[in-house]
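Please keep the sequence and the model in view while reading.

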Amino acid sequence: MTEQMDRVLGIIGYPISHSISPIFQQAALNYLGIEAKYLAWETPASNLSERINSLKESPVIGANVTVPHKQSVLPLLNDLSKTARAIGAVNTIVNDQGVLYGHNTDVYGFMKSLQIEADFHSNGKSALVLGAGGSAKAIVYGLLGDGIKKLVISNRTPSRAVQLKKELGNPENVLVAMPESTDMLHHHDLIVNCTTLGMKNGPGEDKSPISLQHISETSLVYDLVYNPQKTPLINQAMEIGAQAISGLTMLIYQGAEAFRLWTGINPPTDVMLQAAEKALKG
């Protein structure tokens, strides 16, 4: 067996059995005839340092990182991209001859999906971001970079939203919606769910992060949850005729950008999307 056939990629997280990244990334590798395996590496926090060190081995091209390790991997890497450093989270690692570089392709995946799926551009528009975790930070960072005029963060624990704004440099056009300020949830061009509400097998599987009264038929509703593809939030949006996007396209585009970083090759996103949709139906 040649060294080329030994090449390895993988995704690091805990738990990891729910991830469909191995399915659609392997589909892209196979389609392009790249002899490499993409694996699922279930890694509890106690084994994270050991796992990251193992990425320096020559057969390993790199890895994806998912919850709960996107922030805790930072000190274990040799260098970070500008975006990863600004957000404080890594979802893609590239091994360059034993030197590990951390990247964040979530921002790219989200913004690309917005443009391709909805032809949405942020200039002069307003957005409502639901949630204040790592995903929300990437989304807010991306929208600010794209020139959003006004952005409201709404979170169950307002102090986390305040902290997120602070970490982004306290931009004047970013506002925090307190529980009593429901008027701030109205009339936004874009609504993005960065919470896990609506996720299959999650504690809030049958719940939406926002009530129907806050959604306008002119709003673009974007749910980062991709399983199921039609969440309670997306069903609400469709009910009033608003445009809605599942988080699956963001997943594919962030994965495609990671693929480019590892291989230098543009992957077939249509093949990746088909494999992902098949896996979700499976």
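## From S1 to S2

Gly10 stands opposite Leu39 in S2. S1 and S2 run parallel and are joined by 7 bridges. Two strands count as paired if DSSP finds at least two bridges between them. Helices (H or I, at least four residues) and strands (E, at least two) are DSSP runs, numbered from the N terminus. The chain passes from S1 through H1 to S2 in a right-handed β-α-β crossover. Right-handed here means that, with the strands pointing away from the viewer, the path from the first strand over the helix to the second runs clockwise.

This is a predicted model: local features need pLDDT of at least 70, side-chain atom pairs count only at pLDDT 80 or more, and totals for chains, interfaces and linings use all residues. Residues are numbered from 1 along each chain as its sequence is written, and side-chain values use heavy atoms, with hydrogens and water left out.

## The mixed sheet

S1 and S2 belong to an open sheet of 6 strands with mixed pairing, in the order S2-S1-S3-S5-S6-S4. Strand S2 (36–42) and strand S4 (79–80) are at the edges with a single partner strand each, so one side of each has no neighbour in the sheet. Helix H1 (residues 21–31) packs on this sheet and touches S1, S2 and S3. Contact means heavy atoms within 4.5 Å. The direction of H1 makes about 170° with that of S2. Axes are lines fitted to C-alpha atoms, for helices over the stretch in contact, and angles run from 0 to 180 degrees between N-to-C directions.

Strand S1 (residues 7–13) also pairs with strand S3 (residues 60–65), in the parallel sense, over 5 bridges. There, Val8 stands opposite Val60 in S3.

## H1 against H8

The axes of H1 and helix H8 (residues 248–263) come within 11 Å and cross at roughly 50°. The two helices are therefore oblique to each other. Angles under 35 degrees count as roughly parallel, over 145 as roughly antiparallel, 65 to 115 as roughly perpendicular and the rest as oblique. H1 passes H8 in a right-handed crossing. A crossing is right-handed if the near helix is turned clockwise from the far one by less than a right angle, and left-handed if anticlockwise.

Ser21, Phe24, Gln25, Ala28 and Leu29 of H1 make the contact with Leu251, Ile252, Gly255, Phe259 and Trp262 of H8. These residues divide into 7 nonpolar, 3 polar and no charged. Ala, Val, Leu, Ile, Met, Phe, Trp, Tyr, Cys and Pro count as nonpolar, Asp, Glu, Lys and Arg as charged, and the others, Gly among them, as polar.

## The parallel sheet

Another open sheet of 6 strands has parallel pairing and the order S9-S8-S7-S10-S11-S12. Its edge strands are S9 (174–177) and S12 (243–246), each pairing on one side only. From one strand to the next, the twist averages 20°.

Strand S7 (residues 126–130) pairs with strand S10 (residues 190–193) in the parallel sense over 4 bridges. Val129 stands opposite Val192 in S10. Helix H5 (residues 134–145) packs on the sheet, touching S7, strand S8 (150–154), S9 and S10. Its direction makes about 170° with that of S7. S8 and S9 run parallel, joined by 4 bridges. Val152 has Leu175 in S9 as its bridge partner. S8, helix H6 (residues 158–167) and S9 make a right-handed β-α-β unit.

## H4 against H5

The axes of helix H4 (residues 106–118) and H5 come within 9 Å and cross at roughly 60°. H4 and H5 are therefore oblique to each other. Their crossing is right-handed.

Asp106, Val107, Phe110, Met111 and Leu114 in H4 meet Ala138, Ile139, Tyr141, Gly142 and Leu143 in H5. The residues of this contact divide into 8 nonpolar, 1 polar and 1 charged.

## Backbone details in loops

Which peptide bonds are cis? One runs from Val67 to Pro68, with omega near 5°. Pro68 lies in the loop between S3 and S4. Another cis peptide bond joins Asn227 and Pro228, where omega is about 10°. Pro228 lies in the loop between strand S11 (220–223) and helix H7 (232–239).

Gln97 is not a glycine, yet it has a positive phi of about 55°. Gln97 is found in the loop between strand S5 (92–96) and strand S6 (99–103).
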